[in-house]
Amino acid sequence: MHSTLPPPEIAFNVALRQYIIAFCIYHTSFIYTIYIILPERVRRLAPRLYRVFSRHHRDHTSASALSAEEASAAVAEMQETASGHQVQFQMVDAITLPKVRNLNSVLFPVRYSGAFYKGLLHPGQFSQLAQYNNISVGTIACRSQPLGFADCSFTTMFDYNSPVPDKFELYMMTLGVLAPYRRLGIGRLFLQNAVEFAFRDQNIVRIVLHVQIDNDDALRFYHKHGFSTLRIVPHYYKNIEPSDAYLLEYRLR
Ligand code: ACO
């Protein structure tokens with residue numbers, strides 16, 4: 001058999017060309033991997049990385065929440081009722097908020113929204129939790145709002161971003177004590193604390209609240225503590241019967 005080999009310089013050129021092509025293919029795929037595939041992988045990995053990061057972030061948050069718990073424990077104050085019971089009162093914060101939610105669900109026929117609970121943590125509001133023998137037994141929630149707002153017939157959520165007027169009222173949204181712990185003087189202390197809070201602000205001129213017209217216990221309690229009935233608000237409550245409410249007022253100044 002007779003074979004024809006190319007001359008050495010042509011064979012060298014062919015080999016060189018093949019090497020260059022292989023080199024280019026290899027490096028193109030390398031470059032492709034680095035610039036196209038890898039970022040895609042990173043992009044896909046990103047949510048996982050984000051979750052890992054946010055878990056890490058949450059750990060830090062709960063670490064700071066822990067110090068908030070310590071802080072709220074620090075502001076918790078022991079008060080004695082007229083009947084000699086030691087009750088701890090503390091301002092509601094993110095830690096104690098779930099306890100307030102639980103209490104409200106058994107104390108009131110009204111279901112409060114997430115916006116309501118978010119509002120309790122808003123600066124300048126007055127919300128407390130009472131603990132008796134380490135049991136959460138009662139809660140109060142008040143918000144400061146422009147004077148006369150409670151007299152309006154509408155019952156929209158208060159807009160915290162509205163322009164600042166010069167006179168305010170403290171609107172008591174909720175006050176309740178679990179049934180077995182009533183008549184121990186806890187409600188009276190809650191009221192006392194709310195009145196002290198309102199008095200400290202020169203611009204708050206009264207405390208107001210709505211109470212269902214058939215809530216005789218609460219009416220007796222409020223009248224006993226200096227509240228007077230302003231008027232009946234027909235159909236104040238949306239989903240409960242009776243739907244009418246009394247509007248009560250306690251003048252501070
Ligand atoms: N009947 C008559 N007088 C009463 C009554 C009652 N049922 N409850 C309280 N009082 C009067 C008494 O004079 C009492 O003093 P005394 O026990 O020495 O006689 C005084 O008020 C102080 O009572 P406290 O023991 O401080 O009040 P308590 O801790 O029981 O809380 C409250 C009163 C909050 C009204 C309670 O009954 C309760 O939680 N009710 C259910 C929830 C509710 O209806 N809340 C009010 C809704 S309106 C709103 O939230 C704004």
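Predicted model: local features only at pLDDT ≥ 70, side-chain atom pairs only at ≥ 80, totals over all residues.
Strands 3 and 4 form a hairpin with two residues between them, and Y132 stands opposite I135 of strand 4. In the pairing with strand 5, C142 has M172 as its bridge partner. Strand 4 is mostly covered, with nine of its twelve residues buried.

The largest nonpolar core contains 38 residues, of which C142, L170, Y171, M172, F190 and A194 touch the most other members. At least two residues of this core come from each of strand 2 (86-91), helix 2 (97-107), strand 3, strand 4, strand 5, helix 4, strand 6 and strand 8 (245-251). Strand 5 provides the largest share, seven residues. Beyond its neighbours within four places in sequence, Y171 is in contact with C142, R143, Q145, F149, A150, V208 and L209.

The ligand is surrounded by 21 residues, the closest being R182, G187, R188, D217 and R220. By class, this shell comprises ten nonpolar, five polar and six charged residues. Strand 5 (168-177), helix 4 (186-200), strand 6 (204-212) and helix 5 (216-224) each supply at least two residues of the shell. The buried residues of helix 4 are I186, G187, L189, F190, L191, A194 and A198.

N133, in the loop between strand 3 and strand 4, has a positive phi near 50 degrees although the residue is not glycine. N133 is exposed, because 10 other C-beta atoms lie within 10 Å, and the cut-off for this class is 12 or fewer. H235, in the loop between strand 7 and strand 8, likewise has a positive phi, near 55 degrees, in a residue other than glycine. With 11 other C-beta atoms within 10 Å, H235 is therefore also exposed. The loop between strand 7 (228-233) and strand 8 also holds P242, which is joined to E241 by a cis peptide bond with omega of about -5 degrees.

Key:
Residues numbered from 1 in each chain as written. Near = placed C-beta within 6 Å. Helix = DSSP H or I, 4+ residues; strand = E, 2+ residues; numbered from the N terminus. Nonpolar A, V, L, I, M, F, W, Y, C, P; charged D, E, K, R; others polar. Buried ≥ 20, exposed ≤ 12 C-beta atoms within 10 Å, placed from the backbone. Pairing = 2+ DSSP bridges. Core = buried A, V, L, I, M, F, W, Y, C linked by C-beta atoms within 7 Å. Contact = placed C-beta atoms within 7 Å.
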